[in-house]
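Q: Hey, can you walk me through this one? I'd like to go through it bit by bit.

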Amino acid sequence: MYYLCGRNRKNNDMMNPFKYGVLVDNEYFTDRSEELKEIAKSLNSANHLILISPRRFGKSSLVAKAVKATGRPSISLNMQNILSVEDLASKLLRELFRLYPMERIKHLMTHFRIIPTVSTNPMTSMMDVSFQPIVNSIILIEDAMALIEKVSNEENKLVVVLDEFQEILNIRKGLDKQLRSIMQEQDHINYILLGSQESMMTEIFERKKSPFYHFGKLMHLGKIPYDDFKDYICTRLPSEQQDRLDSIATEILSFTSLHPYYTQQLAAQVWEIMTYDNLDEGVVNEAINKIVRTHDLDFERLWLNFNRTDRSILVSLSKGISPLQNRQKATSTSFSSIKRLMKAGYVIRVNDYEIEDPFFKEWIIRLCL
Ligand SMILES: Nc1ncnc2c1ncn2[C@@H]1O[C@H](COP(=O)(O)OP(=O)(O)OP(=O)(O)O)[C@@H](O)[C@H]1O
Ligand SMILES: [Mg+2]
């Protein structure tokens, strides 16, 4: 049985069964059963969880699904969107007032040294929380965090998810220390801290002198296992020939190296070509060409911004040569280039170093032909 009988339905009836670029759940979500259990165990304890993976491996989808399954109240913030300490306090409160309207929890706010103003933005219908200007903005965070602890309770503990947590180091110097000292006093909250910059996340949670040293259980999220992903693709492609499906899914996975986001992106394009153009032979190549062509300008712009060492590292990686294979020849310049490329997210390390985006890798290979 395949997911949607593509050949037998009118084109405008069909929904592409692959999804990328947004959080996925239900029929768009596969595997991760062990990880879901691990997160559930952590939420059923007094401990916090730290989840690390390269970008777009599925952290946010996984955590959202795990938290939803507990049925517990939760608030979620992306630290990348936080501009200042004051902004952090107002966004925390905004999320909290969504769960517990201010009117209902006013009596728990008597400790507030600065009373927030809550208004509805008429353009977006979203709630805005703001404060009058203040010199020592850390008291805003202290008050907001104290309220979060007060509204939560032992039977139905609040879950607080802070995404791209490593950004805390860029909001204000010393904020990590201040937050840590507030968080260690809290008893009724489970924190889940996510991050995609492995080096910075490891620095925050594994360096002895860091305020967040060993703050919680560290979990590294890997790619989706081959058999699960293959099955996921095969059951959704519009073909009845099992061996065709098998070979198409194998081609997709070998191109994307099982990367969750790029696999869904390529599979969506393959599905589209098979469904609307009725093409079967060479469909994966056609889909790759289409995506590479779409990103041609972006890739060129990126390429022009890399220095010569970065470019030669990227070319080696594209050809499947590990640039640090020959350790004698590897210079300190290539080490720092890899470090820089990893920090910016262009290179990731799973078993070995690899280019994060397989379409960019393909673009580089074509450049070198
Ligand atoms: N369990 C899954 N099953 C199938 N596809 C998945 C799964 N998890 C993630 N994906 C794919 O990867 C994409 C990225 O997922 P998600 O946004 O959860 O990752 P992330 O690690 O939080 O990314 P970012 O680094 O951008 O925050 C999804 O849109 C989806 O295409
Ligand atoms: Mg995310």
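Q: Which residues in α10 meet α11?
A: This is a predicted model, by the way. From α10 you've got I248, I252, L253, F255 and T256. Across from them in α11 are Y262, T263, L266, A267, V270 and M274.

Q: And what classes of residue are in that contact?
A: Nine are nonpolar and two are polar, with no charged residues.

Q: At what angle do α10 and α11 pack?
A: About 145 degrees, and their axes are 9 Å apart. Helix α10 covers residues 242-256, while α11 covers residues 260-276.

Q: Is the crossing of α10 and α11 left-handed or right-handed?
A: Right-handed.

Q: OK, switching to strands. In what sense do β3 and β4 pair?
A: They're antiparallel, with four bridges. β3 is residues 117-120 and β4 is residues 127-130. As one of the details, S119 has D128 in β4 as its bridge partner.

Q: What do β3 and β4 form?
A: A hairpin, with six residues between the two strands. In the turn, S125 has a positive phi of about 60 degrees.

Q: New topic: how many cavities of 30 Å³ or more does a search of the whole structure find?
A: One. The largest cavity holds about 50 Å³ of space.

Q: What lines that largest cavity?
A: L88, L92, M145, I148, V160, L162, L179, M183 and Y191. The elements giving two or more residues to that lining are α3 (85-99), α5 (138-151), β5 (158-163) and α7 (175-183).

Q: And by class, what's in the lining of the largest cavity?
A: Nine nonpolar residues, no polar ones and no charged ones.

Conventions
Residues are numbered from 1 along each chain as its sequence is written. Chains are lettered from A and ligands numbered from 1 in the order in which they are written. This is a predicted model: local features need pLDDT of at least 70, side-chain atom pairs count only at pLDDT 80 or more; totals for chains, interfaces and linings use all residues. Side-chain values use heavy atoms; hydrogens and water are left out. Axes are lines fitted to C-alpha atoms, for helices over the stretch in contact, and angles run from 0 to 180 degrees between N-to-C directions. A crossing is left-handed if the near helix is turned anticlockwise from the far one by less than a right angle, and right-handed if clockwise. Contact means heavy atoms within 4.5 Å. Ala, Val, Leu, Ile, Met, Phe, Trp, Tyr, Cys and Pro count as nonpolar, Asp, Glu, Lys and Arg as charged, and the others, Gly among them, as polar. Two strands pair if DSSP finds at least two bridges between them. On a 1 Å grid over the protein atoms alone, a cavity is a set of points where a 1.4 Å probe fits but cannot get out, and a pocket is an open set with protein on both sides within 12 Å along at least five of seven lines; lining residues have an atom within 4 Å of a point. Grid points are joined across faces, edges and corners, and a volume is the space filled by probe spheres set on the points.
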